[in-house]
Amino acid sequence: MTRPFLSIRNIEKTYGRVVAVQDVSLDIAQGEFVTFLGPSGSGKSTTLYAIAGFLQPTRGDVLLGGKSLLSVPSNKRNIGMVFQRYTLFPHLSVADNVAFPLRVRRQPKAEIDAKVAAMLKLVRLETMADRMPAQMSGGQQQRVALARALAYDPPILLMDEPLSALDKKLREEIQIEIKRIHNETGVTILYVTHDQEEALRLSDRIALFNAGRIEQLGTGHDLYEKPASRFVAGFIGNSNFLHGKLSRSDRSITLPDGTAIQGVALDKVGPGQGDVSIMIRPDHFRLHNGEAAPRLVGTVTDTTYLGEYTQLTVLTAWGGALSVRLPPDDRASPVEKGQSIALTCAPLDVRAF
Amino acid sequence: MLLDFNRLGGLRVALSAIAFLVGAFLLLPIVVIVLLSFGSSRYLQFPPPAWTLRWYEELFDNPDWLASFATSFEIAVVVAVAATLLGLMASFGLARGRFPGKEALRALFLTPMVMPVVVLAVALYAFFLRLQLNGTFVGFVIAHTIIALPFAIISISNALEGFDKSIEDAAVLCGASPLEAKLRVTLPAIRSGLFGAAIFSFLASWDEVVVAIFMASPDLQTLPVRIFSTLQQDLSPVIAAVSSILVALTVLLMAVAAIFRRGKPA
Amino acid sequence: MTTMTLTREAAVRAPRRMAGFWPTSPALMLLTVFFVAPVLGLLLRSVLEPQPGLQNYVEVFGSTTYLRVFVNTFVVATIVTVVTLMLAFPVAWFLAVAPRRWASLLFAVILLSMWTNLLTRTYAWMVLLQRTGIINKTLMGWGLIASPLPLINNLTGVTVGMTYIMLPFMVLPLQSTIRSLDPATFRAASLCGANRLQVFTRVFLPLAVPGIGAGVLMVFVMSLGYFVTPALLGGTSNMMLAELIAQLVQSLLNWGLAGAAALILLVVSLGIYAVQFRFFGFKAAGEVE
């Protein structure tokens, strides 16, 4: 990355004493698809609105191509945006909605017509040009909103939970459309969502927000496999959190039942920290096969066969419940309720915080 | 059970009977007046001994009545425009603004609607005596705009609160200036509220009697004032003719409103 | 860099405290000059004229003439409110449950009567109720009465005329409340073992209270300050407060007393609305469509 295309620098937004966003910095390359993921109230939408110009950050700057955007009013920022709610202009037809940004830019009529046609083709709504917004489904309305936001070739497209009002099946359909449109147009996209699956499916990189800060920035793979904090580990995917004691001398972690795990990366553990929280993903467990790796014994209290895997609930000796997913090869010897089993996992898959 | 018409049993008959009687009670006076306006009896005998258009001829031959029609209409049109404009701005402030005392301001704007008109009438009359505004067109417009403003604000505020501000934001991001976004997107989207505001303001002025009675001069009398002062002398059938025209206008207005409502997407 | 950030902050902060206020200022100015100031001026005259003091209030509360006006005002307003409620409740109920066609027909009639010019309606009742009017003629024709009943320029005339005018203001909030009730609540009540009367008194009426409250308060307050209909249909012996104020100003030119009477009317009316606002919110006041 030579010079960042869009650069968010130490953005902070406070309302009285409430801090909505705290010291958020992020560089985005041209053509990248970056998702702001996080629970509601984590500051992801606030950051997006600061880029759109709907609110002025208390501190910090937003640079596009090296120039500050903050003094530019929203209507001159030339940014495209699709909102969470349906924001088509209710009194204008689909074609007029898409033409709106071009008309306010006083473009010649022929150019507008050509662009509108191209945009409707892009979102595959050519046949609906004359419909009114009220006559369309939510999914169709959001596709028109997308066409409208892209009609003036904005360098960046902001999307604020655009699919949250749609049902699951439709959502997945439009996610594929968005991915396709991103590939076809090469536009830089900043996407806000609280749905981790959506984030993993769409993004090149994910910025995970928590309490007004970016908790971790990285690819979906990074966030899942190398979570930087307990919050990230808990937010992305399913995980088991166990309590352990760290022994500094041999760098091993001892579980409440005495099981010792060795070779766990300790880079996220603070110096002098004795009690640690360790995280193991349900699908990182394997049935113990007699080798020396950690051996965790428990009683199966529930099994659910789900085809791609079998979901187990295992009660440990100290009374904790583990969620375990066993892959199909382990189906050969079916595990039954009440049975006692021994589990293991690779120390590299265990994270300590 | 109590909300299912077909399962009300005996109550259904009772409810229907009362509804019918109240409907008749509401409709009867209006129908009678319209019929009497075509009746030949000066003493409003019913049923009329014969039919005639005499009272309408008397009405249209009298320049005073025609002047009052015109005065009322002109005042009401100006009031409708003024109240809608002021109400539009005030509604934007009340719906979008964040400033201390906003709710108190809203209450103040609505007060002229809920307070006894006679108090406003007497107060304005005294005030206008000093400013020499009694009996003037401007005086009527000011007084009626104050009375019409709450109706305009309620109508526009309702429309504005039903309008998602994000749509205006979207227009701004599309490149429209904040003013352009309001003119090209927000106003067309709340046009039914604006239309309602104009109609209610017009009617509030057109029907206003109490303030007008105090403010009117012999030279400038609105229609209600002329009816009122005529009524204090006798029940002339000419008033029946005037009333019938007013009823016809009401029906026309209701029909327009119904068509307008039907034409609006649900 | 720091200074730049600070100035930008200041620029954003300064208008923030009164953000969005300025569009309300033209309306606020109009109301301040031509509404608040004149009304305050009138009320002030009650303690300043003819000389500073409370003598106007002493006179208003001390004289039987004025006390009779107060009593009469409250009596008329109460009667009108009660009669209106009795008629409006079944009508609102009918409107909420009856087949669409009949309900919208009745609704149109209510709107027509409401939108018809106030003086037209009052005139109609003057014609109907007068000595030689249709009602007296009809009753005499049927042989029910020998001589015409005095129906106008008295309490009867005022009650009929005012009830006619107030009915829509009672029906509209009532029917919107009843319409919003969920029939499932009623089914649940009867499944719990409540009979029809119990469902009515224990479920229907309590749920309709917001509508009843809104309608009753609005009609009562409007009746208290009504001028035109009592002036034309009432008699001199049962004058109401609004007529008294008008007379004090127009015939007696007694601005001090008029101010005192206006203050009393204003305090009572706005006081009742304040109570309504506390219990039912502003919605009721805005229901006058």
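The legends below describe close-up views of a predicted model.

**View 1. Strand β1 of chain A in its surroundings.** Strand β1(A) covers residues 6–15, and because seven of its ten residues are buried, this strand is largely enclosed by the rest of the structure.

**View 2. The hairpin of β1(A) and β2(A).** Strand β2 of chain A, which spans residues 18–28, pairs with β1(A) in the antiparallel sense, and seven bridges link the two. Two residues lie between the strands of the hairpin, and G16(A), which sits in the turn, has a positive phi of about 60 degrees.

**View 3. The pairing of β1(A) with β4(A).** Strand β4 of chain A, residues 59–64, runs antiparallel to β1(A) and is joined to that strand by five bridges. Among the residues taking part, L6(A) has L64(A) in β4(A) as its bridge partner.

**View 4. The interface of chain C and chain B.** Chain C contributes 87 residues to the contact and chain B contributes 89 residues, and the two chains bury about 7,900 Å² between them, with 84% of that area on carbon and sulfur atoms. The largest share of the chain C side is supplied by helix α2 of chain C (residues 25–48), from which 13 residues come. Sorted by class, the side of chain C that touches chain B holds 68 nonpolar, twelve polar and seven charged residues.

**View 5. Polar pairs between chain C and chain B.** Six residue pairs are found in polar contact across this interface, counting pairs with both residues at pLDDT 80 or more, whereas the count of salt bridges between chain C and chain B is zero.

Technical notes
Residues numbered from 1 in each chain as written. Chains lettered and ligands numbered in written order. Predicted model: local features only at pLDDT ≥ 70, side-chain atom pairs only at ≥ 80, totals over all residues. Heavy atoms only, no water. Buried < 20%, exposed > 50% of the residue type's maximum accessible area, 1.4 Å probe, protein only. Helix = DSSP H or I, 4+ residues; strand = E, 2+ residues; numbered from the N terminus. Pairing = 2+ DSSP bridges. Contact = heavy atoms within 4.5 Å. Buried area = accessible area lost by both parts, 1.4 Å probe. Salt bridge = Lys/Arg side-chain N within 4 Å of Asp/Glu carboxyl O. Polar contact = N/O pair within 3.5 Å; in protein donor to acceptor, adjacent residues only side chain to side chain. Nonpolar A, V, L, I, M, F, W, Y, C, P; charged D, E, K, R; others polar.
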